[in-house]
Amino acid sequence: MTINGKTHSGFASILSQLRKERGNSQKKTAADLGISQALLSHYEKGIRECGLDFVIKCSEYYGVTTDYLLGVSNSRYGLDEEFLSGVAESGEDNSLTMISQATKLLLEIATAANEDRETAQYINDYYMLCIYRGALTLAKSGKLPQEMFRLDYSVGHELASAAISMLDARFVFMDDNSRTGEDLSSKTDLHKLIEEAENYLLNTFVSE
């Protein structure tokens, strides 16, 4: 398709791929997006070109960036892949790269697996609260200015921990539409992160 004079040939295939990942029919997706099934079929086959408004609507519907939809970025959520690559190539500790890539994979699984976005929202809220709790600890140790926070450290930390526990409890009762993980390639960054976390827990808290 053409946006602002530039041709983006990947839009049609990406549009079709995202719909199939959700397991939706063209009829349902077209109805959700407010267009006819025939028009959606033309968009997915690259026969017709859509306007920018439709690209934005699809971006919101699938929970991905417009850059990803247009095929100009490989990141569905706007993660800075060049920065991550730079960290990996620097020869330094690549923990940041692993965490970022593992988060990206979790978000992609969540979005593809649950069309009503409950799973994606769970992951988003969970990470937000974990980062907030970590930032509170950094502030208490003097690494971040305490003026950034409205809540006292103890109150904020306890509320964040309680909210995380509530998220976990509520998520258990959601319909299980998630993938089994069998389609993931072996030893992804998510696998490595899980392995490192379990090793940390075993070595720190579990006595032989």
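**Labels and their grounds**

Reply: Start with Lys28 and Asp32, which form a salt bridge with their closest N and O atoms 3.3 Å apart. Keep in mind that this is a predicted model.

Me: Why is the contact between Lys28 and Asp32 called a salt bridge?

Reply: The cut-off is 4 Å between a Lys or Arg side-chain nitrogen and an Asp or Glu carboxyl oxygen. The closest N and O atoms of Lys28 and Asp32 are 3.3 Å apart, so the pair qualifies.

Me: Where do Lys28 and Asp32 lie?

Reply: Both are in helix α2, four residues apart, or about one turn of the helix. In general, an α-helix has 3.6 residues a turn, so residues three or four places apart point the same way.

Me: What makes Lys28 and Asp32 partly exposed?

Reply: The class runs between 20% and 50% relative accessible area. Lys28 has 36%, so it counts as partly exposed. Asp32 has 39%, so it falls in that class too.

Me: Are Glu44 and Arg19 buried or exposed?

Reply: Buried means under 20% relative accessible area. Glu44 is at 9%, so it is buried. Arg19 has 9%, so it is buried as well.

Me: Which residues of helix α4 are buried?

Reply: In α4 (residues 52-62), they are Phe54, Val55, Cys58, Ser59, Tyr61 and Tyr62.

Me: How do you know on which side of α4 they sit?

Reply: They cover an arc of only 165 degrees around the axis, which puts them on the same side of α4. The face turned away from that buried side carries the exposed residues Asp53 and Glu60. After α4 comes Gly63, with a positive phi near 70 degrees.

Me: What makes a set of residues a nonpolar core?

Reply: The residues must be buried, of a listed nonpolar type, and joined through side-chain atoms within 4.5 Å. The largest such core here has 19 residues. Those with the most contacts inside it include Phe11, Leu15, Phe54, Cys58 and Tyr62. Helices α1, α2, α3, α4 and α5 each supply at least two residues of this core. α4 gives the most, with five. Apart from it lies another core, of six residues, among them Tyr122, Ile123, Leu129 and Ile164.

Me: Why can Leu202 belong to a surface patch?

Reply: A patch residue needs over 30% relative accessible area. Leu202, in helix α10 (residues 189-205), has 47%, so it passes that cut-off and is partly exposed. Tyr200, Leu201, Leu202, Phe205 and Val206 make a nonpolar patch of about 540 Å².

Me: What is the overall make-up of the protein?

Reply: There are 10 helices and two strands. The pattern along the sequence is β-β-α-α-α-α-α-α-α-α-α-α. Of the 208 residues, 33% count as buried. The accessible surface is about 13400 Å², and 53% of it belongs to carbon and sulfur atoms. Among contacts between residues at least 6 apart in sequence, 58% join residues at least 24 apart.

Terms used. Residues numbered from 1 in each chain as written. Predicted model: local features only at pLDDT ≥ 70, side-chain atom pairs only at ≥ 80, totals over all residues. Heavy atoms only, no water. Patch = residues over 30% accessible without salt bridge, like charges linked within 9 Å, V, L, I, M, F, W, Y side chains within 5 Å. Areas by Shrake-Rupley, 256 points an atom, 1.4 Å probe, with all protein chains shown as cover. Buried < 20%, exposed > 50% of the residue type's maximum accessible area, 1.4 Å probe, protein only. Contact = heavy atoms within 4.5 Å. Arc of directions from axis to C-beta.
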